[in-house]
Amino acid sequence: MEPWYLNWEMWGAIGQWAGAIATVAAVWVALQQTREARDAIRPSLELVWTLIEEEKEYLVVRAVNQKPISIYVMNVHSLIIFENDHGSIRVPLPQTFMESDIPQSLPPGNFLICKISLTDLVMMLKDYGLHDKSGFYLRVIFRDSLYTPYTLNLLGQWFDDGEYVGMRVWEQVGRIKGYKPENADNVVKVVKDE
């Protein structure tokens, strides 16, 4: 009987196992590279927001193309979402509340903006008879030529302090660690008419 280290069938089996493991590793690396290449050319918009003051208050949402390909942005719309015990109510904002240069082709590195009149929005919210500290979401959705949605959700809070009615706006709480709604200073106030 031969010693175990001279068993050529065993050594051949070990070689086959090593070859199979190397093949699986090579396929995994090729799939990762394919996925990364596909993600690199997939259209993507980064949405950022700020408040500005002119003759009205505006929420400005900026859609930035950070990919090396052009994106054709077809439309933008927004809605208010109220949560209650029975579910959620979705109310589209009228297009007259928004100003934008859409539709538009967006080359790499460029951006477009959509301005939403918060004064009009506050008046609309007032018509819904909200009580102090009622919460809602403002959702802004951009769509490209493939009808891919790019969504920004902002959390809002209604207030009525007797003299003013208005809303506070801040980014969705889960996205900024430690940023509490009570600390939000992005306040839109409208004089309460009696």
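I began with a term: a residue is buried if its relative accessible area is under 20%, exposed if over 50%, and partly exposed in between, with a 1.4 Å probe and protein chains only.

**Entry 1, what I am looking at.** I noted that this is a predicted model, in which local features need pLDDT of at least 70 and side-chain atom pairs count only at pLDDT 80 or more, while totals for chains, interfaces and linings use all residues. I also noted that residues are numbered from 1 along each chain as its sequence is written, and that side-chain values use heavy atoms, with hydrogens and water left out.

I looked up helices (DSSP runs of H or I, at least four residues) and strands (runs of E, at least two), both numbered from the N terminus. The chain has 2 helices and 11 strands, and along the sequence I read the order α-β-β-β-β-β-β-β-α-β-β-β-β.

Which residues of helix α2 are buried? In α2, which spans residues 118–127, I found Leu118, Leu121, Val122, Met124 and Leu125 to be buried. They lie on the same side of α2, because they cover an arc of only 160 degrees around the axis, where the arc is taken from the directions from the helix axis to the C-beta atoms. I reminded myself that an α-helix has 3.6 residues a turn, so residues three or four places apart point the same way.

I located Asn153 in strand β9, residues 149–160. Is Asn153 buried or exposed? Asn153 counts as buried, because its relative accessibility is 13%. Asn153 and Tyr137 are 16 residues apart in sequence, and their C-alpha atoms are 6.5 Å apart in space. Over the chain of 194 residues, 31% are buried.

The charged end of Arg62 is over the ring of Phe111, 5.0 Å from its centre, and Arg143 lies over the face of Tyr147, 4.4 Å from the ring centre.

I checked pLDDT, the predictor's confidence in each residue, from 0 to 100. Its mean over the chain is 77, and 73% of the residues reach 70 or more. Confidence is highest in strand β6 (residues 104–106), at a mean of 91, and lowest in strand β11 (residues 187–191), at 49. For residues 172–185 I found pLDDT below 50, with 13 contacts in the model beyond near neighbours in sequence, a contact being heavy atoms within 4.5 Å.

Conventions
Lys NZ or Arg CZ within 6 Å of the ring centre and 35° of its normal.
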